[in-house]
Amino acid sequence: MRAERRKGKNRRRWLPRIIYMLFLIATIVYVSNRGGAFSYALFYATVIYPPLAWLHLLYVRAKIRVSQELPYREVRKGTEETYRLTIENSGWLPVSGIRLFHRTGTVLREDMAGEVLSFFPKEKKVFSTWMSFSYAGSHEAGLDRITFRDGFGLMEITMRISNPLRLQVLPLVTSVAAEDMERATWDLTHGAPGRQKDQENTLGVDLMRYNPGDPLKRIHWKNYARSGELMVRLPEEKEYRMLVIALFACPSEEGEEGLIQRDRFLEYAVSVAGIFAEQRQPVQFLFFQGEVRQQLVEDLEGMQELCRALSREFILRGNPSAVEARLTEAAGQQDAPALYIREGENRLCPM
């Protein structure tokens, strides 16, 4: 669908140029056959139009002033905020053929994208509407660029916005991680599947003397074979005062796909934090933002602080494996059971 739209735009962009070339050829033929003042005036006007139009567009680009206003720089994903856009033509020449384009993830209640605007000399226009944001994380929002076209649509100049809105969009807390939470906590309290029988010297093999009525499946038969004494295993239940969860972010992809991947990762991470916060289970989150950072979540207030911390930019320069190694090392120093969430997989797993 996007490829078809792009082809359609390219055709519309080249159509005025094709018409101009045909008109230029026609004027050359006309002046060659007829001569006279009118034919030469028409020919020279056709030839001189492109450079004059180009100079006019450069002048317009230099004289357009743009400002954007939002009441906050920290917003919640999907929440509408008042947005004010001001565009002013500070020059002495009229302007037409202006189009506005907003950044990916920016949603306006009254979308101005695609509208063709015109300005008289010294005219200022103010647009007020409501803006929301589709993806969590730290990114630029609002107006992305403005394009200027001459009156015949022959050429176009693009002006990138030099002062974009840099926002922290907080992720939503949902139940997306509920099933993984149940599985991961079972693995922590009972041991991962397939490991209980292999690791008999770990937690869960504390013994006590057999008493009539104890389940036969808890009898430690290897100990009975060695000593001839019936012993039973204590219940394999583990209670932890605190957990550690490492968040392995990946270098963001370009474009909308990268925004979607980061948004899902952040939503999953804060959803895990929200479930633990409701259960009053302390969790130490580890993540990398220029350095290994820690955020303790003990309650809903701590979960909100984690949302703010994760909505800042993840600075991932260099080798991602080295970042993961540093997070793994930091998790090992916490002296607590550790889990991890890797961006792209979005699954809570034991380390």
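Lysine 122 is partly exposed, with a relative accessible area of 42%, where buried means under 20% relative accessible area, exposed over 50% and partly exposed in between (1.4 Å probe, protein chains only). This residue sits in the loop between strand E6 (116–119) and E7, and its phi is near 65 degrees, a positive value in a residue other than glycine. Helices (H or I, at least four residues) and strands (E, at least two) are DSSP runs, numbered from the N terminus.

The model is a predicted one, in which local features need pLDDT of at least 70 and side-chain atom pairs count only at pLDDT 80 or more, while totals for chains, interfaces and linings use all residues. Residues are numbered from 1 along each chain as its sequence is written, and side-chain values use heavy atoms, with hydrogens and water left out.

Aspartate 335 is exposed, at a relative accessible area of 75%. The table sets out accessibility for several individual residues.

| Residue | Relative accessible area | Class |
|---|---|---|
| Cysteine 250 | 24% | partly exposed |
| Cysteine 349 | 11% | buried |
| Histidine 102 | 16% | buried |
| Aspartate 335 | 75% | exposed |

With a disulfide taken as a pair of cysteine sulfur atoms within 2.5 Å, the count comes to 0 disulfides.

**The open sheet**

Four strands form an open sheet in the order E1-E3-E7-E5, with antiparallel pairing, two strands being paired if DSSP finds at least two bridges between them. Strand E1 (64–69) and strand E5 (106–108) are the edge strands, each pairing on one side only, and the twist averages 35 degrees from one strand to the next. Axes here are lines fitted to C-alpha atoms, for helices over the stretch in contact, and angles run from 0 to 180 degrees between N-to-C directions. E5 is joined by 3 bridges to the antiparallel strand E7 (residues 124–133), and leucine 108 stands opposite methionine 131 in E7. Helix H2 (residues 37–63) lies across E1 and strand E3 (81–89), running at about 35 degrees to E1.

Histidine 102, found in strand E4 (residues 95–102), touches Tyr83, Leu108, Met112, Gly142, Leu143 and Asp144, not counting residues up to four places away in sequence; contact means heavy atoms within 4.5 Å.

**Helix H5 and the cores**

Helix H5 (residues 255–278) has 24 residues and reaches 35 Å from its first C-alpha to its last, close to the 34 Å expected at 1.5 Å a residue, the expected span being 1.5 Å times one less than the number of residues. Because 17 of the 24 residues of H5 are buried, the helix is largely enclosed by the rest of the structure.

A nonpolar core is a set of buried Ala, Val, Leu, Ile, Met, Phe, Trp, Tyr and Cys residues joined through side-chain atoms within 4.5 Å. The largest has 44 residues, and those with the most contacts inside it are Ile245, Leu247, Val272, Phe285, Leu310 and Leu348. H5 gives the most to this core, with 10 residues. A second, separate core of 35 residues includes Leu85, Ile146, Phe148 and Met159.

Phenylalanine 285 has glutamine 295 in E16 as its bridge partner, and 6 bridges join strand E15 (residues 283–288) to the antiparallel strand E16 (residues 292–297).
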